[in-house]
Amino acid sequence: MRTSGAMGSGGTPQTPPALGRSATIDGILALLRARQDVVVDGEVGLGQESLRAALATAAENDGWRVVAPDGLAGAPLTTRVLLLADLDEIEGSHLRDLTALRLRTPTRFVLTRRPLQPFAAATRHDSNPAIAGAVRVDIRPLTLSESDQLVDEQLARGALPRDVSGVERRWVWVTSGGFPRIALSLLHDLMHADETPVGPVALSRATVVEASAVISALPSVLRELAESLLPLIGVGVTRLQHSFDQAELSLLFESFVVRRHEDALRIPAPIQAALRLHAGGTRIGARAREVLVDICTAIAVDAGCSESEVAVAAAAIIADPELRALLTDETQRSVMSAGMWAARRRGDTTAAAALARRLMTVFPDQESEVLRVAARGARDDFAGYAREVAADDFAGVPPPGLWAWVMSMRFPMTGAADGLLDLLGAVRDRLPSDEARRLDALVVAIRSVAALEAGDVGTAVSLAAQICGGADTDVFAQFRALAVRAAVASIRLNHAELSRVDAEFVALLRRRDQVPGLTDAFARRTAANAALVIALAFTGAGLQRSAEARAFEDTWLTEAMIVGDATRLLPPLVTRLLSAVHDGDSRELQTVTAFIRRHGASELGVQVLAILDRDPHAPLERARMSRFMRFAVSAMRAIGVGLRATMGEFAESLRAIEEQRSPLLRLGLDFVAAASGVAVAATGPALDAEIEEHTVPGALAGYLAGVAAADPTPVLRAAAVFIEAGAAQPAASALEAALLLTGDDAELSEEIRAMRQTLGAASDAAEHSPQALTARERQVALLAAQGMRNRDIARRLYLSVRTVESHLYRAKRKLLIPRESLQLATLLQEPGPPTDAADPEGGPEPVPEA
């Protein structure tokens, strides 16, 4: 049996794709060499057909003669024979032919089959001694590494028009549920999504068809069970077991159509779509309604439930009149109020506003300023809330969940929050003693944040230190305190302290403290938001985070994709973006930017997009960003953009840093002055910070120290760092200074010549690069590099499509590249326009939505 693959670009047959099963194929071949027969068990959709096709080619390359069942009788006797088929194809005569052939020549078999189904009779050959005695190999959903192999295989075969980034690979794996054919289809959906960069990636008809094949193979009882679970995605499996048959649930989980993640029910998006199409929509059945009543009652009496269960219950109350008929008005109000605050806490102000308006409509006597703020989608009015709490006006607050209400607010990690301390003070006297103690620690953390915003970094770090490391200290307070310490260390350019914060943050994550009620989900969000601040601190200090911290962020990214929560997805996406900027990974940078654009409906997403869409040389908006965030972004611009341009650009970007006492500002300006021959290298306060030498700030300090001490070694190390960072002018200056300091050292002189050759090669490649783009050309090119279409760019920038096309034409001509080659990293490194470069279009700058 020889299976021909698809034709390659040159007309030659390609090897059938293994679709991520290469390790399984290698394992089966090893068993065959050890004279073992193999039966491969796998559910429909897990790639049995592609496995057989790829195994046939691999076995033939290994010296086996591969035959189908009907080929057993005429198989040659001069070589090893392998029967490769599905068990359903096997007849009794084939088994007799197999037995006869084994008497004459070495013969083995690999048979695929679907595991025995509880609602179907056993196949007639399952009890055959030869089949029963074969080694059983189970194929399960693809792991992440196997899914990556599938992607790599498609790239090697030329089936994809471009590379696939790490974030995209993770999305394909999570969304496919590990089903190879669905993953393959999703890859092409991802490629088509490049043409429509706004909104989530749309599932194609082909993807839903592949998912439909999976659910169609389920026994009708299990398929109907899966359909009845659609309204309960996100509900705890333990809770489901009280209303659904546990044996049926177990069988459904074994089919891999539904999953259990963190004890919650999850169904991959393509499978969801196929189930809805098959069922004619999402209907709430009697058993599902029973579960929802239990959740609603638990919320009303503060018995504890997950954030996702709150969201499920609130949505069901709005959609299902039969459910509303089973609940009291007070229970409905409690559920919708809890859902509203949970949505605000995760940053989904649109969902929160819809629930608030529903509350105001259904319960007009409960209207309050709290509800009006939520209904408008406005920021939390902490001062107004404090007045209402002081007056015992708790309308809109789900009693007895005052603590959960407080924790549902979006306290800033950095930045001012007028009235917040007044609110916490008013709430404290109304809380039980254990919650009051937790609130006290949170108050200290909020005071440290306020001190940071006021520029009093000494007080900020002193307050933060009071609550870090305590075993009994509230986890919310500790995450915020670590974020403040990281921010202060970044401003002070203290790399040693940043590394300590990173280690303490990872240790706190390992503890994974569980807190009562809804707050465990809130703690995860707080941790992710703290990680974002810490990542900004590291990037602003020119330092890379530890591999362990980045691994936690990858885990959060995966979890957010699994639960389908766009607001939970954003913090790890932004930390990924910062890592891509630090690493110079243009593909990852471009992809993460596109993902943020697709899922940027939350407040954080809007802020990030506002930064990405502005020209890197434009001043930052004070009203939209905290003091630390302005520092971190300005420092990142200086290190990542200005340094790679010219000495003048670097100096200009450094002067944009508002923290005048920042060692980075002083180091950078001293370096520019010394390298330009304007001043002698500083040896005083500018070098007092604890800086790692392999970083850009370390290179600045090393250059100054080496020149001041007439020591060429640290100057050469600085030059190497500058070359690695793509900073040509600083590297050239460092090499020139090092050469002057070498004297008669021939070995050092030769090393400098070699480094100059490396730098010269990079400079030769840059000679073809364009003249500087104008501000508008640069802005349009940045948006095009992020995947936006011309008409979307025109709408964002208030220009005509023709004007956008004109700007792109000029930008591409200057850059000497086609549109599809526009890379974000290249544009971010490309020197900005001269300060007097006029924008030929003029017109107002776009204002990001608040």
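Thr593 lies in helix H29, which spans residues 586–598; helices are DSSP runs (H or I) of at least four residues, numbered from the N terminus. Thr593 is buried at 0% relative accessibility, where buried means under 20% relative accessible area, exposed over 50% and partly exposed in between, with a 1.4 Å probe and protein chains only.

The model is predicted: local features need pLDDT of at least 70, side-chain atom pairs count only at pLDDT 80 or more, and totals for chains, interfaces and linings use all residues. Residues are numbered from 1 along each chain as its sequence is written, and side-chain values use heavy atoms, with hydrogens and water left out.

The structure holds 36 salt bridges, each defined as a side-chain nitrogen of Lys or Arg within 4 Å of a carboxyl oxygen of Asp or Glu. One of them joins Asp320 and Arg289 at 2.8 Å, N to O. This pair links distant parts of the chain, 31 residues apart, with Asp320 in the loop between helix H14 (307–319) and helix H15 (321–326) and Arg289 in helix H13 (residues 286–300). Both Asp320 and Arg289 are buried. Arg289 also forms a salt bridge with Glu322, with the closest N and O atoms 3.5 Å apart. Glu322 lies in helix H15, 33 residues from Arg289. The relative accessible area of Arg289 is 11%.

Asp41, Arg113, Arg136 and Asp138 are linked in a network of salt bridges.

Technical notes
Helices (H or I, at least four residues) and strands (E, at least two) are DSSP runs, numbered from the N terminus.
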